[in-house]
Amino acid sequence: MLVQGVDLKLISLVSIWQCFLFYILFVVLQLEIVRKIVVEISGRDEREVKVAACPYRICPLGAHIDHQGGIVTTMTINYGVLLGFVPSNDSEVLLQSGQFEGVIRFRVDDLQKPIDNPENINWESYARGAVYALQNSGYDLRKGIIGYISGVKGLDSSGLSSSAAVGIAYLLALENVNDLVVSSVDNIQLDKSIENKYLGLENGILDPSAILLSQYGYLTFMDCKTASPSYVYFSELSKSQQPQGHLPFNILLAFSGLQHNLPKKRGYNTRVFECKEAACALLHASGCEEASNILRNVDSVVYEAQKCVLEENLSRRAEHYFSEMKRVAKGRDAWARGNLQELGQLISASGRSSILNYECGSKEMIQLYKILLKAPGVLGARFSGAGFRGCCLAIVESDRAKEAAWYVAAEYEKAQPELVSRIPEDRRVLVCEPGDSARVILPDDRLHS
């Protein structure tokens, strides 16, 4: 279920056999707004407008280990990005945004070069990055797009992979107008190319994998070394007595009021490099120097035997990786058994390790995390995204979600009144539901009641 801007009740469910491909529900009003703006920009008929719908994601377990080839858990939420588009008559790209001023114009046959200065990154960069990734992978781009892109106000730069959602939206639109058939697995690598090679961010494949591979009702386990997903279906394997199609929990997103552009924050890249340094030292100590320097290539037995060779900061990064891998394995079992209490405890432990071992999280983010842990009905909480700004997430019992949201909003406002004043009142704590994967919505797509 994908919601843009506002959250509405489920309108309908497609049949079970269709769920494997879509299971996507969206807010009809926002979809029509995006389409009408594209009509105004392009002068085309509304029946020509397609929409790339890309949800935001959360990562309950597997924090900061995707870039080390670890196994992470992920699911999307019912908020995201909509990119309405029509093919241009030539190779020109013309774009407007619901969040940023100005008009983007460039051509898909222009050679795109990587950004050499992070300070030059702006909202245009993701569209150009999508063209760059497709060009460098040998895809033939002849047509551009005329489009309008809109995310959810207040949710950008909040640790929900909004940048990946935007990049994927541009990829899907460009592929569609150029009649390119690209698999989800290939699009994961294309989005990684946007962020790694074009923008210069040393991230892994967690974000695009979540957006492109998630399925409603499932927790996705992504092996970031082999790029292979597996799924565990909560409703089928648990003994939940909830109505069919509804999970017995909600997701709370609590916003800190701290925002920045991740590529401009080098603390993230520093920690990635420290993990690689730890892997290099452990592999060297064990005589396995031919393996690439990621912690996934270090056997846990080798780590226990050789961790004494690590400097203090490298030791902490490695401890976070190996303990988080254990939490992911336990989390898989807990989810399959429908044990939300155990899953929540693992999520909170992940949060503690992110603070103590990965050493991320500002004073404000840590305050917010601790407030969430005390909220009524909250089963577990941790940072979302890189942990340097944005929001914290929590799993909460569905019948206490609103109570928990009120508590968190009130307590955080007491702790950080100035930061809270920067957040729109209806965006301070969001009660969300699990979502589905990205897709292109065709002009004649409709939900039937």
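I shall speak about the cysteines, then a glycine, and finally a threonine.

This is a predicted model, in which local features need pLDDT of at least 70 and side-chain atom pairs count only at pLDDT 80 or more, while totals for chains, interfaces and linings use all residues. Residues are numbered from 1 along each chain as its sequence is written, and side-chain values use heavy atoms, with hydrogens and water left out.

How many disulfides are there, if a disulfide is a pair of cysteine sulfur atoms within 2.5 Å? The count comes to zero. For Cys360, the closest cysteine sulfur belongs to Cys392 and lies 9.8 Å away, which is too far for a bond. Cys391 is likewise in no disulfide, the nearest cysteine sulfur, that of Cys392, being 6.9 Å away. Cys391 is buried, at 0% relative accessibility; buried here means under 20% relative accessible area, with exposed over 50% and partly exposed in between, for a 1.4 Å probe and protein chains only. Cys360 is buried as well, with a relative accessible area of 2%.

From Cys360 we pass to Gly267: their C-alpha atoms are separated by 8.6 Å, although the two residues are 93 residues apart along the chain. Gly267 belongs to helix α8, residues 266-285. Helices (H or I, at least four residues) and strands (E, at least two) are DSSP runs, numbered from the N terminus. Gly267 counts as buried because its relative accessible area is 19%.

Lastly, Thr220 sits in strand β6, residues 218-223. Thr220 is buried, at 1% relative accessibility. Leaving aside residues up to four places away in sequence, its contacts (heavy atoms within 4.5 Å) include Val72, Thr73, Thr74, Pro229 and Tyr231.

Key
A disulfide is a pair of cysteine sulfur atoms within 2.5 Å.
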